[in-house]
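Please read this briefing with the sequence and the 3D view open side by side.

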Amino acid sequence: MVAMEGTLRVRQRPVERAIEALAERLAPRVPVMLDPNIRPFFIQDEVAYRARLDRLLALADIVKLSADDCAWLWPGADRDRIARDLL
């Protein structure tokens, strides 16, 4: 299983690209889990972060999102709708 966790790991170069490349390479063969654990105060480029997160979400088989993660990513959205959309 490839486990991707946390804002700090997903946003640090060159770690961010290495994690994404590993997930891309292994996703067809092994489960990929993503727990973004978003911490907005660490995010310097929100557009780039959201784009990277979208790419990682597309690769993930398992996604763990907190209520805070959902609120930041999709303000005001219904959590059931978020879950359906991610599926």
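Pro31 lies in the loop that joins α2 to β2; helices (H or I, at least four residues) and strands (E, at least two) are DSSP runs, numbered from the N terminus. The model is a predicted one: local features need pLDDT of at least 70, side-chain atom pairs count only at pLDDT 80 or more, and totals for chains, interfaces and linings use all residues. Residues are numbered from 1 along each chain as its sequence is written, and side-chain values use heavy atoms, with hydrogens and water left out.

**Loop residues**

- Pro31 counts as partly exposed because its relative accessibility is 39%; buried means under 20% relative accessible area, exposed over 50%, and partly exposed in between (1.4 Å probe, protein chains only).
- Pro31 and Ala60 are 29 residues apart along the chain, and their C-alpha atoms are separated by 7.3 Å.
- Asn37 sits in the loop between β2 and α3, and with 28% relative accessibility Asn37 is partly exposed.
- The phi angle of Asn37 is near 45 degrees, a positive value in a residue that is not glycine.
- Most residues other than glycine have a negative phi.

**The whole protein**

- The protein has 5 helices and 3 strands, and from the N terminus on they follow the order β-α-α-β-α-β-α-α.
- Of the 87 residues in the protein, 31% are buried.
- Among contacts (heavy atoms within 4.5 Å) with a separation of 6 or more, 67% are between residues 24 or more positions apart.

**Strands β2 and β3**

- Strand β2 (residues 32-35) and strand β3 (residues 62-63) pair in the parallel sense over 2 bridges; two strands pair if DSSP finds at least two bridges between them.
- Met33 stands opposite Ile62 in β3.
- Together with helix α3 (residues 46-59), β2 and β3 make a right-handed β-α-β unit; right-handed means that, with the strands pointing away from the viewer, the path from the first strand over the helix to the second runs clockwise.

**Helix α2**

- The 12 residues of α2 should span 16 Å at 1.5 Å a residue, and the end C-alpha atoms are 16 Å apart, so the two values agree; the expected span is 1.5 Å times one less than the number of residues.
- Glu16, Ile19, Glu20, Ala23 and Leu26 are buried in α2.
- These residues lie on the same side of α2 because they cover an arc of only 145 degrees around the axis; the arc is that of the directions from the helix axis to the C-beta atoms.
- Glu20 has a relative accessible area of 4%, so Glu20 is buried.
- Leaving aside neighbours within four places in sequence, Glu20 is in contact with Arg52, Arg55, Leu56 and Leu59.
- Arg25 is also in α2, but Arg25 is exposed, with a relative accessible area of 53%.
- Arg25 and Leu59 are 34 residues apart in sequence, with their C-alpha atoms 9.9 Å apart in space.

**Helix α3**

- α3 has 14 residues and reaches 20 Å from its first C-alpha to its last, close to the 20 Å expected at 1.5 Å a residue.
- The buried residues in α3 are Tyr49, Arg52, Leu53, Leu56 and Leu57.
- They cover an arc of only 140 degrees around the axis, which puts them on the same side of α3.
- Exposed residues Val47, Asp54 and Ala58 are on the face of α3 turned away from its buried side.
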